[in-house]
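Work through the following exercises with the sequence and the coordinates open beside you. Each task is followed by a solution that goes step by step.

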Amino acid sequence: MSNPLGSADFFALEAGECLDRLEQLLGRPDGPPPDELLRYARALRGSALMANQPAIARAAAALAALARALRAGTLTWGPAMREQLGQALDEFRQLVRRAREWSSADATRASRLSSTLYAR
């Protein structure tokens with residue numbers, strides 16, 4: 001009999017799928033469609049909330065705010081934005097991997113990620 005997935009395992013799988021999809025969107029030559037970017041940022045946030053990962057959820061909310069700004073036209077897509085979001089996705093991946101062994105340093109990293117995304 002196989003072991004059922006624990007909440008941290010399920011979170012890692014679900015968040016990983018969201019991050020994979022976000023990465024595909026960022027790779028588009030014309031940039032991601034803002035509505036899709038927003039949808040997957042919200043999915044990441046929801047997954048983090050369900051897994052009791054509030055720091056990751058706050059960072060995903062910041063990503064969603066950035067997607068809303070792109071959709072509204074208050075932010076424009078360009079190489080700098082692509083680079084920043086690519087780095088943000090790398091940071092999200094590291095945080096998701098650390099979800100089981102969460103520490104205060106991880107919380108600080110997630111807070112820094114939130115601040116960086118909101119500042120954009």
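**Exercise 1.** Determine whether Asn52 is buried or exposed, and describe its backbone and its place in the chain.

*Solution.* Asn52 has a relative accessibility of 62% and therefore counts as exposed, where exposed means over 50% relative accessible area, buried under 20% and partly exposed in between, with a 1.4 Å probe and protein chains only. The residue lies in the loop between H2 and H3, and, although it is not a glycine, its phi is positive at about 60°. The model is predicted, so local features need pLDDT of at least 70 and side-chain atom pairs count only at pLDDT 80 or more, while totals for chains, interfaces and linings use all residues. Residues are numbered from 1 along each chain as its sequence is written, and side-chain values use heavy atoms, with hydrogens and water left out.

**Exercise 2.** Find out whether Gln53 is buried or exposed, and which residues it touches.

*Solution.* Gln53 is found in the loop between helix H2 (34–50) and helix H3 (54–72), helices being DSSP runs of H or I with at least four residues, numbered from the N terminus. Its relative accessibility is 12%, which means that Gln53 counts as buried. Not counting residues up to four places away in sequence, Gln53 touches Phe11, Ala48, Ala99 and Trp102, contact meaning heavy atoms within 4.5 Å.

**Exercise 3.** Describe how H2 packs against H3, and which classes of residue make the contact.

*Solution.* Two packed helices are described by the angle between their axes and the distance between the axes. For H2 and H3 the angle is about 165° and the axes are 8 Å apart; axes are lines fitted to C-alpha atoms, for helices over the stretch in contact, and angles run from 0 to 180 degrees between N-to-C directions. H2 is therefore roughly antiparallel to H3, given that angles over 145 degrees count as roughly antiparallel, under 35 as roughly parallel, 65 to 115 as roughly perpendicular and the rest as oblique. By class, the contact of H2 with H3 has 15 nonpolar, no polar and 5 charged residues, where Ala, Val, Leu, Ile, Met, Phe, Trp, Tyr, Cys and Pro count as nonpolar, Asp, Glu, Lys and Arg as charged, and the others, Gly among them, as polar.

**Exercise 4.** Work out how H3 and H5 are oriented, and then how H1 and H4 are oriented.

*Solution.* The axes of H3 and H5 cross at roughly 10° and come within 8 Å, so these two helices are roughly parallel to each other. Their contact has 11 nonpolar, 1 polar and 1 charged residues. The axes of helix H1 (residues 7–26) and helix H4 (residues 79–97) come within 10 Å and cross at roughly 170°, and H1 and H4 are therefore roughly antiparallel to each other. By class, 10 nonpolar, 2 polar and 4 charged residues make the contact of H1 with H4.
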